[in-house]
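Good morning, and thank you for the time on today's agenda.

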There are 2 protein chains.
Amino acid sequence: MKINYPGNIKKQEFSKVNNYGNRGMTLEDDLNDTNNYYLEKDIAVIYKKPTPIQVVSTNFEKITKAYFKQPSTTDYNGIYKGHYIDFEAKETTAKTSFPLSNIHKHQIIHLKRIIKHGGIGFLIVRFTKLNKTYFLFAKDFINYIEATNKKSVPIIFFEKSGYEITLKLNPRLDYLEIIDKYGGIL
Amino acid sequence: MKINYPGNIKKQEFSKVNNYGNRGMTLEDDLNDTNNYYLEKDIAVIYKKPTPIQVVSTNFEKITKAYFKQPSTTDYNGIYKGHYIDFEAKETTAKTSFPLSNIHKHQIIHLKRIIKHGGIGFLIVRFTKLNKTYFLFAKDFINYIEATNKKSVPIIFFEKSGYEITLKLNPRLDYLEIIDKYGGIL
């Protein structure tokens, strides 16, 4: 059994409060935590797809030679309140704009298809140096990039057309809240 | 330009008719073909998830040691007519029943969650020795296995409660047709 010393509790609490917004977790960690929370609370069933890997050779159960493949779709999908959910999550160290080189053409085509077939498609982009994470509906993202020749999306566009997701304790990155408010679902 | 000799055409036709139901393709091949067809015809957006792999060591771009991991969900998901689609596909060489050892417990839990959240969950099971492929809604499958202690599902259950999918030329395995007819969607 664990004995709780008052000093110890305080230290833990303090450490939590100070760190949960900035404990060096990657966007992927935050999303995995969040998706686990949604799953455990029976709110949604959303998973990150495994990274596609081309296996070249194996020795019994062990893979001895393989390569990472380019994903043909987005990283995350699942179901929420009967709606198909599909999104891509990206971190950038850039400070003023999100470089479009982060998103592949086939991922944009995929998101277009999702929207067309009645799903909810979006991006979650984190500007790591600014400690800011934005939710942007794929429709707004695609409309923007198709109307411009620029190779990046300025952060002001995320501020205006997207929604900042502030880190919480649990769930860490409550992106479904944005869908509830602005996703046009009941 | 290709010159069509009457004899040649006949030969091709004959060969097609005889082979498309039995040309040694795996269930996975058939489903990939079918999903590609759905994608190209803009009917649905359904993909097989990559196999999860635990990467242990890499040498630059090359993976030098890795292991296959147990998948925690089903193999296929996507969107059709605004509905979230989720299914597992299995081949068995058994002739009279489908061994439940083919489906993991967490996959059943996953399918239950999908149904609860309003998605369309199902299994596609091929009895390779019998050359028969069945579609079975996850609800019927789960109801059956939860009411029995048996370690397999007899083929008669697939015949009665499921739907046989006969192979066609294109799409090879038209499982969405079953959903249109019996999935309770508009």
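Let me begin with a pair of strands: in chain B, strand β8 (residues 132-137) and β10(B) pair in the antiparallel sense over 2 bridges. Two strands count as paired if DSSP finds at least two bridges between them. Helices (H or I, at least four residues) and strands (E, at least two) are DSSP runs, numbered from the N terminus. Within this pair, F135(B) stands opposite Y163(B) of β10(B).

Before going further, a word on provenance: this is a predicted model, in which local features need pLDDT of at least 70 and side-chain atom pairs count only at pLDDT 80 or more, while totals for chains, interfaces and linings use all residues. Residues are numbered from 1 along each chain as its sequence is written, chains are lettered from A and ligands numbered from 1 in the order in which they are written, and side-chain values use heavy atoms, with hydrogens and water left out.

The pair belongs to an open sheet of 6 strands in chain B, with mixed pairing and the order β1-β4-β5-β7-β8-β10. Why do β1 and β10 of chain B each have one side without a neighbour in the sheet? β1 (44-48) and β10 (163-164) stand at the edges and each has a single partner strand, so one side of each is left without a neighbour.

Helix α2 (residues 27-40) of chain B packs on this sheet, touching β1, β4 (76-80), β5 (83-92), β7 (120-127) and β8 of chain B. Contact here means heavy atoms within 4.5 Å. The direction of α2(B) makes about 150 degrees with that of β1(B). Axes are lines fitted to C-alpha atoms, for helices over the stretch in contact, and angles run from 0 to 180 degrees between N-to-C directions. Helix α4 (residues 138-146) of chain B lies across β7 and β8 of chain B, at about 85 degrees to β8(B).

I turn now to one residue of helix α3 (residues 105-116) of chain B, namely Q107(B). Is Q107(B) buried or exposed? Q107(B) is buried, with a relative accessible area of 1%; buried means under 20% relative accessible area, exposed over 50%, and partly exposed in between (1.4 Å probe, protein chains only). Its side chain makes a polar contact with the side chain of E88(B), at 3.3 Å. A polar contact is a pair of N or O atoms within 3.5 Å; within protein, one must be able to donate a hydrogen and the other to accept it, and residues adjacent in sequence count only if both atoms are side-chain atoms. Apart from neighbours within four places in sequence, Q107(B) is in contact with P71(B), T73(B), T74(B), E88(B) and N102(B).

Next, the interface. Here 36 residues of chain B are in contact with 36 residues of chain A. The area buried between the two chains is about 3000 Å², of which carbon and sulfur atoms give 64%. Buried area is the accessible area (1.4 Å probe) that two parts lose on being put together, summed over both. In chain B, I63(B), I79(B) and H117(B) lose the most area to chain A, together 21% of what that side buries.

Across this interface the rule finds 2 salt bridges, a salt bridge being a side-chain nitrogen of Lys or Arg within 4 Å of a carboxyl oxygen of Asp or Glu. The side chains of D42(B) and K116(A) meet in a salt bridge at 2.2 Å, N to O. β1, β2 (53-59), β3 (62-68), β4 and α3 of chain B each supply at least two residues of the side that touches chain A. Which element gives the largest share of that side? It is β3(B), with 7 residues.

Finally, charged pairs within the chains. Over all chains the count comes to 16 salt bridges. In chain A, the side chains of D30(A) and R172(A) meet in one of 2.4 Å, N to O. This pair links distant parts of the chain, 142 residues apart: D30(A) lies in helix α2 of chain A, and R172(A) in the loop between β10 (163-164) and α6 (175-182) of chain A. Both D30(A) and R172(A) are buried. D30(A), R126(A) and R172(A) are linked in a network of salt bridges.
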